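This report covers aromatic pairs, nonpolar cores, strand pairing and backbone angles. The sequence and structure come next.

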Amino acid sequence: EDHKTHISTKNIVPLQHIDYLDSLGCFIDFSPSESTQPNISIQDMNTGQIYYTDKLLINSSFKCKNYRGSTPFVEIENELWITIVHKRIKNPKNIYQIKYDYFLLIFDSKIVNINNKITIPNKCIKEILLDINSFEKDFIYITGIIVLDKIFDENNNLLELEILFSYGINDEKSGISKINLII
């Protein structure tokens, strides 16, 4: 299949825009098979027509470079986007011998013109390791994210984030946690 006209059928995460996009859907395949950079696609949700595809930029110096998408990309003020990505690793201390490491990523934006101007994520500008070690024998798998609050300085730089995230615990239980991050 032509990657320019096909959106991945697995491991895609949606974009959550501040402004409603009517019948357009924006999706990111964070770990496409043909590339080391995530794909972003915009399509008509009624017809399936692809209007736009591109790559997100993640510098090779970021540790999250080979991680997978975990949560939707959420647009926040000042042309920024956030998401959480994961990497599965072996952990002999866990009942299932696995655990997940997570990064919260912050992306800047760019504008594309598809009938109107649409803001989409562009380049990863910061990664923050999420230290989630409160589950000694269990693993958690983060699936959802909601931004509760954000604080910017006088120059509109992001200083703090308060987020709520949902997750599964060992595929048997679920949880919701609130965390505050100093950026």
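## Strand β6

Which residues point one way from β6, and which the other way? Phe73 and Glu75 point one way, Val74 and Ile76 point the other way, and all are buried. Buried means under 20% relative accessible area, exposed means over 50%, and partly exposed is in between (1.4 Å probe, protein chains only). In a regular strand the side chains alternate between the two faces of the sheet. Strands are DSSP runs (E, at least two residues), numbered from the N terminus.

This is a predicted model, in which local features need pLDDT of at least 70 and side-chain atom pairs count only at pLDDT 80 or more, while totals for chains, interfaces and linings use all residues. Residues are numbered from 1 along each chain as its sequence is written, and side-chain values use heavy atoms, with hydrogens and water left out.

## Pairing of β6

Two strands pair if DSSP finds at least two bridges between them. β1 and β6 run parallel and are joined by two bridges; here Leu15 stands opposite Phe73. On β7, the pairing with β6 is antiparallel and has three bridges. Val74 has Ile82 of β7 as its bridge partner. Three residues lie between the strands in the β6 and β7 hairpin, where Asn78 takes a positive phi near 60°.

## Aromatic pairs

A pair of aromatic rings is described by the distance of the centres and the angle of the planes. Rings of Phe, Tyr and Trp (its six-membered ring) pair if their centres lie within 6.5 Å; planes under 30 degrees apart count as stacked, over 60 as edge-to-face and the rest as tilted. The whole structure contains six aromatic pairs. One of them is formed by Phe30 and Phe73, with ring centres 6.3 Å apart and planes at 35°, so this pair is tilted. Phe30 is in the loop between β2 (24–29) and β3 (39–44), and Phe73 is in β6 (residues 73–76), so the pair links distant parts of the chain, 43 residues apart. Both Phe30 and Phe73 are buried.

The rings of Tyr100 and Tyr102 also have centres 6.3 Å apart and planes at 35°, so that pair is tilted. Tyr100 is buried, at a relative accessible area of 14%, and Tyr102 is buried at 1%. Phe30, Phe73 and Phe107 form one aromatic cluster.

## Nonpolar cores

A nonpolar core is a set of buried Ala, Val, Leu, Ile, Met, Phe, Trp, Tyr and Cys residues joined through side-chain atoms within 4.5 Å. The largest has 25 residues, and those with the most contacts inside it are Phe73 and Phe107. Two or more residues each come from β1 (12–16), β2, β3, β7 (80–90), β8 (98–114) and β9 (116–130). The largest share, five residues, is from β8.

Contact means heavy atoms within 4.5 Å. Leaving out residues up to four places away in sequence, Phe73 touches a set of residues including Val13, Leu15, Ile28, Phe30, Trp81 and Phe107. A second, separate core has 24 residues, among them Ile82, Ile128, Leu158 and Ile169.

## Positive phi in loops

What phi does Asn115 have? Although not a glycine, Asn115 has a positive phi of about 65°. Asn115 is in the loop between β8 and β9 and is exposed, with a relative accessible area of 72%.

Asn156, also not a glycine, has a positive phi of about 65°. The loop holding Asn156 is between β10 (140–152) and β11 (158–169). Asn156 is partly exposed, at a relative accessible area of 47%.

Key:
Helix = DSSP H or I, 4+ residues; strand = E, 2+ residues; numbered from the N terminus.
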